Amino acid sequence: MDQKYRLLDQVIGRFNSREGQLIRILQEAQNIFGYLPEEVQTYIAGKTDIPVSEVNGVVTFYSLFHTEPRGKHGINVCMGTACYVQGARNILDDFRRDLNLKDQDTTDDGIFTVKNTRCIGACGLAPVITVDDEVHGRVSRKEVSKILRKYRKLEEAAERVDDQQPERPAENQERVPAGH
Amino acid sequence: MINSLKDLQKIRKEYLPDIELRQNKDIKSQQINIMVCTGTGCSSSGSKSMIDGLEKALAGSKLDTRVKVVKTGCFGFCKLGPIMVVHPGSIFYCNVSESDIPELVEKHFARGKIVERLQYEEPDTGEKKKSLDEIYFFNSQKRVALRHCGLINPEDINEYIATGGYFTLGKCLSREKSEEIIDSIKKSGLRGRGGGGFPVGLKWEAARLSEGPEKYVVCNADEGDPGAFMDRSILEGDPHSVLEAMTIAGYTIGASEGYIYVRAEYPIAVDRLENAIAQARAYGLLGENILGTGFGFNIDLRLGAGAFVCGEETALLKSAMGLRGEPRPRPPYPAQCGLWDKPTLLNNVETFANIPEILSRGHAWFHSIGTENSKGTKVFSLAGKIVNTGLIEVPMGTTLRQIIFDIGGGIPGGKNFKAVQTGGPSGGCIPEQYLDTPVDYDSLKSIGSMMGSGGLIVMDEGDCMVDIAKFYLQFSQDESCGKCTPCRVGTKRMLEILERITEGKGEMADLYELEDLSREVMDASLCGLGQTAPNPVLSTIKYFRNEYEAHINDKECPAGVCRELLNYSVDQDKCISCGLCAKACVAEAIIGEKKGRPYFIDRQKCLKCGACETKCPKEAIYAQ
């Protein structure tokens, strides 16, 4: 954890000299921690001399920030108009049903988080989903379970490697790329 | 470091041969340039691994010295990606994959023979097209803002300079007065491309006349309209044109700092911008004493964090200062009171991309394109139910029919056209009878829609217009910042009514209520988001009233989209009684016996989730 706060200090040091960089700092902080829990918000408020209410106001205003931890793989189903008219809603529903997500967005095992996302601008390939940073275009409903299988397999393979090397660097586990 | 126009000229000379080769001015050249699109569309289709494969195949071969692989911006034909264009000859290949590389290298690059199987086929004639210029999709366009997309490597400032880039800046700084620049832009008739259509020259003049020692230039790259990707493609394909225009703007209005507010959802665009800014700085084209004229200008990025309302100018400025992006009433306009309360000039990406070309080719040239009150060209993104999804640029005044049916190739799957939506959540749905409307700012407004930033979403008979209205309203309601009541509460109430209607619980009185509420939300909202949010609802009620009535009176969705009004059935002839549907059904609503008689669905139990439909290998399950 200390390591993460040290990284955060570096980020704040880099951006705080210029005015109006709170959003940038929060984005970097989210990259470091995976999400923005209250403690991180308070820490940033203290370091930047911005009231914590204002920091929280910004965090809750923008859809890219989240205050709950995310699954290891973020599945984002694009809900732009082009994807919507090509059936994106059914694909989102299929993912949620397949992963048994009812009210929550993250699976109980913490592997997948399924969200809809605003237009990512790849409308020519609609319907589009992104898994982590990878874009999948022209996704059909039949592909949903195939995609999930692929990432589950990756996960199992990673676990096997883990068993052999118990000391896995902590920072990679919660890393969520910017833009999700 | 570039200190004068002479230095610029030197670089231009060095890199010009490649550019001329790509413009087919040097058709006999022994050199080969392979242009591969690395925009978001083609990258998603695998263009990056293709480039790696190409470079690997060429490295160490005899071709290495004469063949150059160039990453370039969007060609616009996103559907056929990854796209490759080989010069000389502008040979066009589509849907190229890594496995095609050996054949391309051996046949085309080494022996000059074209690989026919990767050529584009004109859909109505089936004719194979050799070069880019022979393809109707390309030769029917007029590219001004997109002039460098597909021509240069956006990550190399030298190539931009070779096309004449930064010379306009040099000319403005050394010879022109601010008044002359503003006068040229005014005379060109350029209007803001972000959607509002405000005359750009007037905006620049207002910012110039505002008093103050500090001023700012801001570029709005927060392209939030779902289904629009014009600005993204310009930033990915030609970032320097925006930097050059912003610097000219800074000189003209007396600003020394600029900001580009760009969506974080566009990672490639952000990378290219950062790279372009660093290169321009290293050359001294940004920073102090540009081209030895004593004028200094800097540009910094501000990343958006996913809020549609930040496309509105006052909200954008708040967000660029690191605050919640809530709009405020105007006046004062940003030209008087903008970033940190200082005079600020705010233009959109496409507007800026037009500026260097207008100033270098002259306002009369630009003025000669387009309609009476809308000059120049406009970039549109084509998406939805259209054959050629992608990006096009056409003169203002081109009709919707030409755009959708000629350039766009019409509707796929032999279906019928129903409507085209322009202007995103702020615009309206335009039915078939207005397809011959020439597209410009005023004509679209007169039929209840708007230009917006240029997203065109085509819908066919399989799309339910009530559902589309609900979709857009859901978007506006979700993105409403909550500051003013008419937008925050009004859009919510309207959405509830639409949900009732699509669930078959609507009454005719709901329609009148919707229309009344729409007018109130439009009149009383603080910013453009609320003022235009009812447009999709009003336009669909106006042009597709019968669909609303079918949902309300007959409890039917004619297009077969609204789930609550659908019934799933099994086609008894197609069913092979494999049982996969019954296994997928969580409600146990599908009854039958494996390898027995066809299955059937118990409508009392059916949740209408559609899971069975996706699992059926014979497409025997359908909704009606």
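Buried, in these legends, means under 20% relative accessible area, exposed means over 50%, and partly exposed lies in between (1.4 Å probe, protein chains only). The model is predicted, so local features need pLDDT of at least 70 and side-chain atom pairs count only at pLDDT 80 or more, while totals for chains, interfaces and linings use all residues. Residues are numbered from 1 along each chain as its sequence is written, chains are lettered from A and ligands numbered from 1 in the order in which they are written, and side-chain values use heavy atoms, with hydrogens and water left out.

**View 1. Helix H1 of chain B and its surroundings.** Helix H1 of chain B, residues 5-22, has 18 residues and spans 24 Å from its first C-alpha to its last, close to the expected 26 Å; helices (H or I, at least four residues) and strands (E, at least two) are DSSP runs, numbered from the N terminus, and the expected span is 1.5 Å times one less than the number of residues. At B:Tyr15 H1(B) bends by about 50°, and the proline B:Pro17 follows within four residues, the bend being the angle between axes fitted to the seven residues ending there and the seven starting there. Just after H1(B), B:Asn24 takes a positive phi of about 60°.

**View 2. A salt bridge within chain A.** The side chains of A:Lys150 and A:Glu134 meet in a salt bridge at 3.6 Å, N to O, a salt bridge being a side-chain nitrogen of Lys or Arg within 4 Å of a carboxyl oxygen of Asp or Glu. The pair links distant parts of the chain, with A:Lys150 in helix H7 (residues 144-164) and A:Glu134 in strand S4 (residues 134-136), 16 residues apart. A:Lys150 is partly exposed, with a relative accessible area of 38%, and A:Glu134 is partly exposed at 37%.

**View 3. A salt bridge within chain B.** B:Glu155 and B:Arg272 meet through their side chains in a salt bridge of 3.0 Å, N to O. B:Glu155 lies in the loop between helix H5 (136-139) and H6 of chain B, whereas B:Arg272 lies in helix H12 (residues 267-282), 117 residues apart. B:Glu155 is partly exposed, with a relative accessible area of 32%, but B:Arg272 is buried at 5%.

**View 4. The interface of chains A and B.** Here 42 residues of chain A are in contact with 62 residues of chain B. The two chains bury about 4100 Å² between them, 51% of it on carbon and sulfur atoms; buried area is the accessible area (1.4 Å probe) that two parts lose on being put together, summed over both. In chain A, A:Phe61, A:Thr81 and A:Arg118 lose the most area to chain B, together 17% of what that side buries.

**View 5. Salt bridges between the chains.** Between chain A and chain B there are 6 salt bridges. In one of them, B:Glu479 pairs with A:Arg118, the closest N and O atoms being 2.6 Å apart. Another salt bridge joins B:Arg563 to A:Asp93 at 2.9 Å, N to O, and crosses from the loop between helix H23 (545-553) and strand S16 (568-570) of chain B to helix H6 (residues 88-98) of chain A. B:Arg563 counts as buried at 18% relative accessibility, while A:Asp93 is partly exposed at 24%.

Key. Contact = heavy atoms within 4.5 Å.
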